[in-house]
Amino acid sequence: MLRTLLALLLRPPLVGLSWLITAWLRWRVGARGMLELRLDNQLKLPHLAAAEVERACRASGARGLLLELGPLDWGWGALDEWRLMLQRLRQDGLLLIAKADGLDNRQLYLASACDRVVVSPPAEVSAIGVSAHSTFFGVALERLGLRFDVEAAGAYKSFGETFTRRGPSPESREATVTLVDDLHEHFVARVAEGRGLHPDQVQAILDQAPMGAQAAKDAGIIDVVGYDDALDPLLESLLGDDFGRADAGWAAWLSGWARSFGEALSSDPRVVVLHLEGGITMGEESQSRGRIAPTELVPILRALRDDDRVAAVVMSVNSSGGSALASDLIWREVELLHRQRPVIALFGDVSASGGYYIAAGCDDIIATPGTLTGSIGVVGGKLVTGRALGGLGVYTSVYSRSQGAEIYGTERPFDEQERARFRARLSATYDLFLERVAAGRRRPVAQLAPYAQGRVWSGVSALRLGLVDGLGGITQAMERARFRAGLRPTEPVRRLDVVVRPPRPFYARFLPEGFLGRVDAAQQLRELAGLIGLRLPEAAVRMLRAPDEPQAVMLEDIELR
């Protein structure tokens with residue numbers, strides 16, 4: 001009753017305020033206005049930012065979007081989301097211009113979706129196609145007297161190889177080659193489509209790269225060789241001499257407020273988009289890093305289950321996995337939510353292993369073509385330090401009264417009985433994982449088992465194998481959510497974005513990032529590796545902290561360029 005009364009009293013002025021903000025924004029930008037935005041690694045949550053920029057372009061009535069492309073280390077899922085957004089704007093008649101001081105794979109992938117590409121004269125076009133780079137610590141650890149005693153459930157679960165071998169196993173090589181082939185083929189096809197070239201022509205250009213800006217123009221990969229001062233003459237030739245330029249971030253901020261005021265106290269059905277990013281843990285990791293933990297996510301899922309105003313939920317997942325226990329606890333809550341209202345999973349850069357586990361019970365799974373997914377397998381183990389410490393004159397004496405008391409002790413590897421018990425536990429966890437996936441995919445376990453085994457797939461291959469239901473981004477996920485909720489395509493829907501972050505005390509906001517993070521032996525080992533130029537994967541740190549906990553995690557140390 002109170003809510004209805006508030007809506008009657010407050011909604012009209014709030015809608016009016018929304019209209020005024022939008023009208024002023026349209027007047028300020030105008031039909032000949034260009035929004036401009038710098039895209040680089042400073043932009044956080046690129047999947048969410050893409051939707052905000054698209055909304056700003058449409059709300060402001062802008063003539064187009066000028067992108068300044070800086071260094072980008074985004075995954076291919078985020079790049080796909082942005083490219084899909086740019087394609088929608090271009091199809092609706094907006095002028096898109098990309099300016100860069102060089103083009104690598106990622107920058108070229110985005111630039112090729114634009115109408116014009118401008119590159120500085122001394123710049124280099126260094127796009128050479130997709131490749132994968134893996135680092136192996138096996139020999140280095142052996143020389144230090146250290147040993148990772150790792151077991152895996154799944155022939156392709158290659159996480160442990162990073163720490164035990166000097167190169168990939170045949171299974172790992174097979175999976176990586178297939179993955180690179182899928183991503184490279186998609187990359188070449190999209191660049192060819194955007195530049196009006198044949199894929200063979202694009203491949204020939206990549207084979208000749210790196211090349212100078214003028215050579216790239218002659219090859220048809222860019223349009224203009226010029227500095228920043230060449231942009232205004234280009235815009236004048238395309239739009240006339242009365243064009244204007246406005247900051248896209250400012251326009252997105254204003255259009256966001258306009259939308260908030262316009263939708264306040266609205267009775268329209270809600271579609272909640274949960275943004276989940278980081279490793280999956282039981283909540284023990286540093287709060288300065290992104291993480292997905294039951295302690296933070298479960299209360300939100302339960303609240304959504306009990307809120308009848310929510311018509312559907314979209315889970316945007318960007319995670320290589322982590323704790324199998326935490327993954328299963330989250331899976332259970334997603335399963336209960338799914339019984340009440342539709343839940344759609346949207347996969348980002350990486351949604352593999354535990355990242356796939358938590359989404360297994362969703363009604364539909366949407367992935368981008370470049371998403372890394374699958375990795376349905378389990379791994380676990382411990383770092384054996386006895387020989388290394390012994391070489392330093394450090395020895396440990398242990399007294400215990402039960403047979404398995406020292407199974408996770410770091411002084412020695414597993415013995416025969418311990419290894420058999422540990423393998424049995426991993427196998428049971430893997431079987432449960434596979435059962436969850438089979439139930440969610442509505443297929444027999446035997447039919448899915450060949451595509452599991454810890455193997456990583458691209459979004460394209462995952463669709464072919466039935467591990468996902470469609471390719472696309474947030475637009476496609478929202479359309480599927482509407483359909484599952486029984487909403488008409490034209491029916492007004494209120495989209496609510498919720499970014500799930502670890503809670504931080506108020507005073508922590510004034511402290512440096514990571515100031516409150518725990519410092520333990522695992523973290524010290526990670527920092528030591530950094531001193532010699534090696535990157536110890538996050539999942540390895542988790543395994544060192546909790547060797548007794550099976551990990552549903554994908555190898556993070558495959559760098560796709």
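Is Arg 442 buried or exposed? The points below answer this and describe several other local features of the structure, which is a predicted model.

1. Arg 442 is exposed, since its relative accessible area is 56% and the cut-off for that class is over 50%. The residue belongs to the loop that joins helix 16 (416–441) to helix 17 (445–448). Its backbone also deserves a look, as phi of Arg 442 is positive, near 55 degrees, in a residue other than glycine.

2. Another non-glycine residue with a positive phi is Gln 453, where the angle is about 60 degrees. Gln 453 sits in the loop between helix 17 and strand 20 (456–458), and with a relative accessible area of 28% it is classed as partly exposed.

3. Helix 7 (residues 170–195) and helix 8 (residues 199–208) form a packed pair, whose axes come within 8 Å and cross at roughly 110 degrees. Because angles of 65 to 115 degrees count as roughly perpendicular, helix 7 and helix 8 are described as roughly perpendicular to each other.

4. The residues that make this contact can be named on both sides: helix 7 contributes His 184, Phe 187, Val 188, Val 191 and Ala 192, which meet Pro 199, Val 202, Gln 203 and Leu 206 of helix 8. Sorted by class, the contact of helix 7 with helix 8 consists of 7 nonpolar and 2 polar residues, with no charged residues.

5. Beyond helix 8, in the loop that leads from helix 8 to strand 8 (211–212), lies Pro 210. The peptide bond that runs from Ala 209 to Pro 210 is cis, and its omega is near 0 degrees.

6. Helix 19 (residues 474–484) has a set of buried residues, namely Ile 474, Ala 477, Met 478, Ala 481 and Arg 482. These residues lie on the same side of helix 19, because they cover an arc of only 140 degrees around the axis.

7. After helix 19 comes Gly 486, a glycine with a positive phi, near 75 degrees.

Conventions: Residues are numbered from 1 along each chain as its sequence is written. This is a predicted model: local features need pLDDT of at least 70, side-chain atom pairs count only at pLDDT 80 or more; totals for chains, interfaces and linings use all residues. Side-chain values use heavy atoms; hydrogens and water are left out. Axes are lines fitted to C-alpha atoms, for helices over the stretch in contact, and angles run from 0 to 180 degrees between N-to-C directions. Helices (H or I, at least four residues) and strands (E, at least two) are DSSP runs, numbered from the N terminus. Angles under 35 degrees count as roughly parallel, over 145 as roughly antiparallel, 65 to 115 as roughly perpendicular and the rest as oblique. Contact means heavy atoms within 4.5 Å. Ala, Val, Leu, Ile, Met, Phe, Trp, Tyr, Cys and Pro count as nonpolar, Asp, Glu, Lys and Arg as charged, and the others, Gly among them, as polar. Buried means under 20% relative accessible area, exposed over 50%, partly exposed in between (1.4 Å probe, protein chains only). The arc is that of the directions from the helix axis to the C-beta atoms.
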